[in-house]
Amino acid sequence: MSLKAYWQLTLAQLRIFARNRQVIFFSLLFPILLMLMLGSFLGSSGGNISLQAYVIDGDESTASQQLIDTIGQQGIIEVVEPPVTVTDLNGALERLKNGDVQLIVEIPEGYGQSLEAAAAEAAGGSGGAEAGSQPPAGVNVYYDETRMTTAQVGLTVINQVIDGISKSLTGYEPVLAVNPEGVQGVQLEYIDFLVPGIVAMMIMSNNLNGVAGQIASWRERGILRRMQSTPLHASTFISAQITARLLLNGFQALIVLLVGYLFFETQVNGSWALLVMFVVLGTLTFIAMGFIIAGLAKTPESAGPIAGMISFPLLFLGGVFFPISNMPELLQPIVKLLPIAHLSTALRQVMNVGADLTMLWPETLLLLGWMAVSFIVASFTFKWE
Amino acid sequence: MANNSPIIEVRGLTKKYNGATVVKGIDFEVRKGEIFGLLGPNGAGKTTTMEMIEGLRRPDGGTAIVAGYDTQKSLNKVKQVIGVQLQSTSLFELLTVKEIMQMYASFYKDPREIDPLLKEMILTEKKNARVKSLSGGQKQRLAIALALINDPLVIFLDEPTTGLDPQARRTLWDIILKLKEKGKTVVLSTHYMDEAQVLCDRICLMDQGEIVALDTPQNLISRLKLEKGIDLDLDTRESNLEDVFISMTGRSLREE
């Protein structure tokens, strides 16, 4: 591979991109418009993550009612009345297992009394150090372990409420400022779900359609054939293509991320470096797939539809607009193997939850696998003419 | 090397497409420093023949040797010493002349300087113009400039003047004749007889994948006069290669 040729081809491709203003404009405009439309229509209309909880009040005192109200006031957990058929904790737990509610808060009998006792001791006690000697009033929280994300949000909120109550009882003066971001960080809106999905979609369609369409058209117009008559190696040509695409499409994805971040207040709770890593990984995977399609397509006219045929279902199955968990059970195993699903999940986890690589290694490995397999297949299917 | 020694040797070259044989085991030699014309109607096999010699298509039989290298065995050596202008190449429309020259130059070990080459091709003024804005003649001259960027021994020009206006054609003829002056070997395909007559030292007449005649333009015409002399002498015009072709195949060059 000649470095000089690699550099010149990369430069040529970047120049072609930069001078093709229309393509750049529309490939940026579309995702931003989508964000604007879906974000403003759905973002405000109850698209928030909602958590419903039953409260089983075994105490029925003013103190327990106060606790229930405080939980409701946080705006994250919605306290709902269990149906009349649910009479005890076991019945409620059945509902939890079925996914009708996400949390059950059980306030035991004697909750109010133990609070009063604790307050009295704190007020009359000799010192703050002994204030905690009274066994704390126990509030049981039941959650679904298979839905850890929602459960964690709920637990955080309840912990905060309980913590607040205990502190106010003991007359606790905070010495350290509480960092409220922990809770705000998971107060997700639809736009937070949407933007990573749109970025994943952009990475997929720009690269699939872009690579496949361009290579097929260059082949048709004899541009590749002319290069084939020089000592240029296919590997040099392909490397340059990948580099230029990576720079351009990666950059475009970052612009959309920034627009979401700056204008739609999309949260980025995780590290930007990790986000960039997934953008790169996704771009490489779909470039390779674009090369495969370009190899399969006999004419540039057929490259578009083939790319569309692959990318369109992926848009709906890959968790771009709707959570994968909303998909029919039957499709789930397939959906969970799709590269777009892993890309959108990974981007979402980094942005929404602030996940790090230790949590995202399955997504990383699967994307790496797709990338490797695609490049191997692409290297066999690529042809100049 | 003596001026008459062959730089290209073609032996039994054959190509089949979907069962049809489009080049039927042809043999010829191209001498160093000559302009060698492949003349024939569309579909005669000219382009396929050239592309097999250039190594762009794999022959189904026979060999082609360029400057001592077999195109099937040492293709990379061949590519270093040839320059190619394809019949239907389009170039990157959004790049400038200079940029595209630099790009092609980077594919070779020892490329020529760009500026003198542009001057020879009368493109100096267009150095910073985008390919898109060039006229047909200018695009064709750029294609030839790219074919010359590695200072090749042999230059293949596939119908270089097709679709050009008369003035642009003349300009291109001058350029091709200058290549010969510099000692380059040119293999040129065309279906214009006047072009072949003006430019070529020897002409290979092809029809339906076969060589029907191979000689200098003068010999081809005088051979025709000898065979059918009286008929043609009655004509006021000079007989030309068109007449040769019609008499040999019974068909016109520009048919199909």
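Strand E3 (residues 35–39) of chain B is largely enclosed by the rest of the predicted structure, because five of its five residues are buried. Buried means under 20% relative accessible area, with exposed over 50% and partly exposed in between (1.4 Å probe, protein chains only). Strands (E, at least two residues) and helices (H or I, at least four) are DSSP runs, numbered from the N terminus. Both faces of E3(B) are covered. B:Ile35, B:Gly37 and B:Leu39 are buried on one side, and B:Phe36 and B:Leu38 on the other.

E3(B) pairs with two strands of chain B, E8 (residues 185–190) and E9 (residues 202–207). Pairing requires at least two DSSP bridges between the strands. Five bridges join E3(B) to E8(B), in parallel. Here B:Ile35 stands opposite B:Val186. Four bridges link E3(B) to E9(B), also in parallel. Here B:Leu38 faces B:Cys204.

Chain A has a mean pLDDT (the predictor's confidence in each residue, from 0 to 100) of 79, and 86% of its residues reach 70 or more. Confidence in this chain is highest in helix H1 (residues 3–19), at a mean of 92, and lowest in helix H8 (residues 181–184), at 36. Over residues 44–48 of chain A, pLDDT stays under 50. The model gives this stretch six contacts (heavy atoms within 4.5 Å) beyond four places in sequence. Residues 177–185 of chain A also have pLDDT below 50, with seven contacts beyond near neighbours in sequence. Where pLDDT is low, predicted coordinates should not be read in detail.

Residues are numbered from 1 along each chain as its sequence is written, and chains are lettered from A and ligands numbered from 1 in written order. In this predicted model, local features need pLDDT of at least 70 and side-chain atom pairs count only at pLDDT 80 or more, while totals for chains, interfaces and linings use all residues, and side-chain values use heavy atoms, leaving out hydrogens and water.
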